[in-house]
Every structure is written in structure tokens, then in C-alpha cells.
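Hello,

Please find the structure below, followed by notes on what turned up in it.

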Amino acid sequence: MHAIHAMWLREVKRYLRSRVQIIASLAQPMMYLLILGFGLSPVFQQAGQGNYIQFVAPGVVGMSVLFSSVFSGVGLLFDRQFGFLKETLVAPVPRALIMIGRTLGSATNAVLQGTLVLTVCIIAGFRPASLAQLPLAFGFMILIAIVFAALGTAMGSVLKDMQGFQIIMNFIVMPIFFLSGALFPLTNLPPVLKILTSIDPLSYGIDGLRTELINISHFGASVDFTVLVIAAVAFISLGSYLFSKIEI
Amino acid sequence: MIRVHELVKTYGEFRAVDNISFTVPPGEIFAFLGPNGAGKTTTIKMLTTLLKPTSGSLTLDGLSPATHQTEVRKRFGIVFQDPSLDGDLTAYENMDIHGVLYAVPARLRAERIESLLKLFELWDRRDGFVKTFSGGMKRRLEIARGFLHTPKILFLDEPTLGLDPQSRNQLWGHVKNLNESEKTTVFLTTHYMDEAERVAHRIAIIDHGKIVAQGTPDELKTQTKTDSLEAAFLALTGNSIRDESANAGADNLRQFTQMWRR
Ligand SMILES: Nc1ncnc2c1ncn2[C@@H]1O[C@H](COP(=O)(O)OP(=O)(O)O)[C@@H](O)[C@H]1O
Ligand SMILES: [Mg+2]
């Protein structure tokens, strides 16, 4: 328990101390919100789908939670490089606990980043449908963060260098984002896309966010919740296993 | 305290550690001497649960690192050859997280951190971020950290690399004290013959993954008919210079992270 707390605190401290990075990583979501948002608004409106800014904001929040949790999880690679990883690997604590502490820390950072992005979205004109549902939206943010922080830690455990990281970004993380319905509605998709989007855990996270933020739902909140919990358990188990197998 | 029997570690075809056997009784200071790339660090990694042996057996305090990882980890402390600090944390935070991971109770932890940081002349810089420290300060902090949880066995992998003579002297003084007062078993590697001769009860000389000689400093000198440990070492390992093969992957990553941080 102490070990989980210590590793969690370390991750959060490191995040809060990287002010420049916090601000810099607001740039990407803002481009999606403002450029894509205003750019696609007229078309979206004409297609009878309503206001695109309203639609895309939950997707942008989900996206920033995805990216910051994966990045934070993959921070393991930096620890491998700068050497601190060794210190935690020889500690007399089951490695699963170290992994869980790290993952919860990364997830916390991602939720903080997501909250920041949501705030900026609201400043930019996004209006959540109901304040009462906001806590539920946070619940979904937390679940998305845990799922992908655990995935990030799992990937960080098997990667040795940054080349591997690039490959994973391009062939795993970006597809997860684009297939999640963050940018487009999941209705009336071609069959292949329909299958792919429905096996992407982030689809359920974004859908959960949209349900709670703008009352638009594709799978339904309880399906979203169940899938995310299962994914979280699966990725944490996978991550703990891979983390405990690390050799240096 | 440490038993190693016919230990082998291969990387592909390459035998980094090639069938070595030795024992270190409790309370002994045992030194591993060898040129670069001899297999010293690889041996320490296997002893400290970081690496699985290819074959052979090893036990610490009667326990196998393969089957009793956590129990084994409770018994040793280690100062790694390569950096192992978190640069984004302060000196104090680095000590504290170590103390927590090793379950040192809060009050005792605070006391020991204070006395160790004072001992290694880092107390004034306790709230400084480690990434702003000089190489010697980082090294002293790693050593102070290694002492924090009074382990039964202390591994020191070239601990004096990058230290000035004063700190070096001080370190070996502390190691000897600890060994005498707490009966801590010490397993160390070093490049400095005078250090080995001064602190080690027994020495094993390793070259190309094989132990070529072991015994007390005097036994080694007698065996090679030389009058200093340095001469004995050269007699046993030859005069050619070894370079540690560069790790290309790590270098790439280092470049990338530098780019990234800029
Ligand atoms: N991960 C690895 N892959 C391949 N070769 C390695 C690896 N780690 C170490 N080696 C090689 O094993 C040999 C022993 O290395 P090491 O134990 O670090 O030597 P020492 O600590 O005695 O200088 C060296 O030749 C080194 O290049
Ligand atoms: Mg070495």
C-alpha cells in the first residue's frame, strides 16, 4: 500500500512540475476543437447533426486523456534510460504493486490534463448539457485514464527504445484515437469500420463522455461502463505481468 | 551468505558470464576485480534479481532469487554502476521514496535520511532537484541511499567511479564501519586496485566471463609472484585494453530524449 502511494505520488509530482509540458500539450486538443470544430461545423449542421463543437468537445477531452495517459505510462522508457527504473525493480515490493502505483499516478495526471482541456473547451464555447451529470463524466474520464495508463505501462515494459515507441504510436495509439468516434458519430458506418470501432475500448470511453456531457449515446452508459472496467482489469493484469518480467 | 555455482549468462552466442563459482561467507567484504566487459555487472544483476541466469545456481542467505524474489530483495542494498536516481525529484525525495519502498518506518526514515545526507555533505542541497547535481553529488546520493535501509548484503558496483579522492576515502571508511558494526556482507567491484587491497578480505579476478583467480590479496600476490595487487592483476589478465561495447539502442534513446527535453 505504501509502495503504491509512493509511486503514485512520484508520478503526480513529476507531472505537476512539468508546467511547460502541461501547457504545450493543450495545443493539440485545441487545434482539434477550434480548427476542426469550426471548420466542420457548417457541414455537420447541414447534415442535420447539430453543433459540431458540442459534438467534438467530449471527443477532444477523451483524446487528451488517451494521449496523456499513454505518454505518462510510457514514461517507463525514460526511467529505463535515466536509470531510476532499476531502483524500483530491486525494491522488496511485488512488482505488480509498483506497476499499479505508476499506473494510478499516470491516470491521475491524465485526468488532470483532461479536466484542463474540458475547462478550456468550456471557455471556448462548449456547454455541458447538465451540471448534475458532470461527476459521471469525470467517472468516465477516470476509467479511460486507467485503461490507457495501464496499456502505456504494459507497452513501456516491453519497449527498449524510442523507435519502438514511434511504431506503437503510429500503429496502436493513433488508430485507437481515430477509430473511437471522437471525431465522427458511430451511426451508419460501413461494416468494417463498425466492427473496428466496436472493438476499440476508447469508443466506449468517448461514448460515455458524450452520454454524460451532451446526452448523446450510442452504446448506452452501462455498456460503456462495463466494457471499460473489463478493459481496465485486462490491461492492468497484462501490464503487471509484463512489468514483473522486465530484465535489465 | 552468497553462493554461486557454475553460473552462466549468454547473450546470443556471447558468454558474458562463463561458468563461475564462488561463495561469500557472512560478514565478509568480497571484491570482484576485472577489466571492462569482464562480466562483473552481469553477475551482480543476476544476484540482485534483475537478470535470469542462463544456467547454474545462486543463493543469497540460502534463498534463490528466481523463486524468492521479494525475500531476496529485502536482504540486499545496491549501488548500481549506472545512474539510478530520479532527476525530477529532490535529493530528499529520492531518499524518502527509497525508504518507503524498503518499509523503513517514518520517524526512523527521517532520522536516517538526515544523518546520511549530512554524512555525505548533501544536507544543504536536500531540496535541490537531482538533475542539477554534479556527477560526484549524484554518486554520493546514490551511496547514501544504499545505506538507508541497513541491508544484510551490500552490492557496490564501481561505487567510486567519478568521485574525488576525499569522497572515495570517506566511502570506504563508511563501508568498513558498516561491515564491522553491523556485520554487513559486502560485494564490490572496482577498477582501483588500491581500494580493493585496502578494504577487501577476499578478491576474485574475473576476465572474459571466467574467474581466473581468487583468494586474499596476499594469496594472489604469492600465487603470481608479484609484490602488488596491481601487478598481480596485470599478470592474470594481460595488458590489452578492453572497451565496453557501446550499447547502440541506449545511445539512440539518449539522443532522442535530449531532443525531446529541449
Ligand atoms: N544486454 C546485453 N546484450 C549483449 N551483450 C551484453 C549485454 N549486457 C552486457 N553485455 C556484454 O557482456 C559483457 C560483460 O558486461 P558487464 O557485465 O557489464 O562487464 P563489466 O561490468 O565487468 O565491465 C560485455 O562484453 C558486454 O558488452
Ligand atoms: Mg560493470
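**Chain contact and ring pairs**

This is a predicted model. Between chain A and chain B, 13 residue pairs are in polar contact, both residues being at pLDDT 80 or more. On the side of chain A that touches chain B, at least two residues each come from helix 1 (2-17), helix 5 (76-82), helix 6 (84-89), helix 7 (95-123) and helix 9 (162-178) of chain A. Helix 1 of chain A gives the most, with eight residues. By type, that side of chain A has 17 nonpolar, six polar and 10 charged residues.

The contact involves 33 residues from chain A and 39 residues from chain B. About 3200 Å² is buried between the two chains, 60% of it from carbon and sulfur atoms. Six salt bridges cross the interface; one of them joins Arg10(A) to Asp86(B), with the closest N and O atoms 2.5 Å apart.

Over all chains there are 18 aromatic pairs. Among them, Tyr32(A) and Phe177(A) are edge-to-face, because their planes stand at 85°, with ring centres 5.5 Å apart. Tyr32(A) sits in helix 3 (residues 27-46) of chain A and Phe177(A) in helix 9 of chain A, 145 residues apart. Both are buried: Tyr32(A) has a relative accessible area of 17% and Phe177(A) one of 1%.

Tyr204(A) and Phe219(A) are stacked, with centres 4.2 Å apart and planes at 25°. Tyr204(A) belongs to helix 11 (residues 201-214) of chain A, and Phe219(A) to the loop between helix 11 and helix 12 (221-244) of chain A. Tyr204(A) is buried at 8% relative accessibility, whereas Phe219(A) is partly exposed at 22%.

In chain B, ring pairs link Phe22(B), Phe30(B), Phe32(B), Phe76(B), Phe155(B) and Phe187(B) into a cluster.

Regards

Conventions. Residues are numbered from 1 along each chain as its sequence is written. Chains are lettered from A and ligands numbered from 1 in the order in which they are written. This is a predicted model: local features need pLDDT of at least 70, side-chain atom pairs count only at pLDDT 80 or more; totals for chains, interfaces and linings use all residues. Side-chain values use heavy atoms; hydrogens and water are left out. Contact means heavy atoms within 4.5 Å. Buried area is the accessible area (1.4 Å probe) that two parts lose on being put together, summed over both. A salt bridge is a side-chain nitrogen of Lys or Arg within 4 Å of a carboxyl oxygen of Asp or Glu. A polar contact is a pair of N or O atoms within 3.5 Å; within protein, one must be able to donate a hydrogen and the other to accept it, and residues adjacent in sequence count only if both atoms are side-chain atoms. Helices (H or I, at least four residues) and strands (E, at least two) are DSSP runs, numbered from the N terminus. Ala, Val, Leu, Ile, Met, Phe, Trp, Tyr, Cys and Pro count as nonpolar, Asp, Glu, Lys and Arg as charged, and the others, Gly among them, as polar. Rings of Phe, Tyr and Trp (its six-membered ring) pair if their centres lie within 6.5 Å; planes under 30 degrees apart count as stacked, over 60 as edge-to-face and the rest as tilted. Buried means under 20% relative accessible area, exposed over 50%, partly exposed in between (1.4 Å probe, protein chains only).
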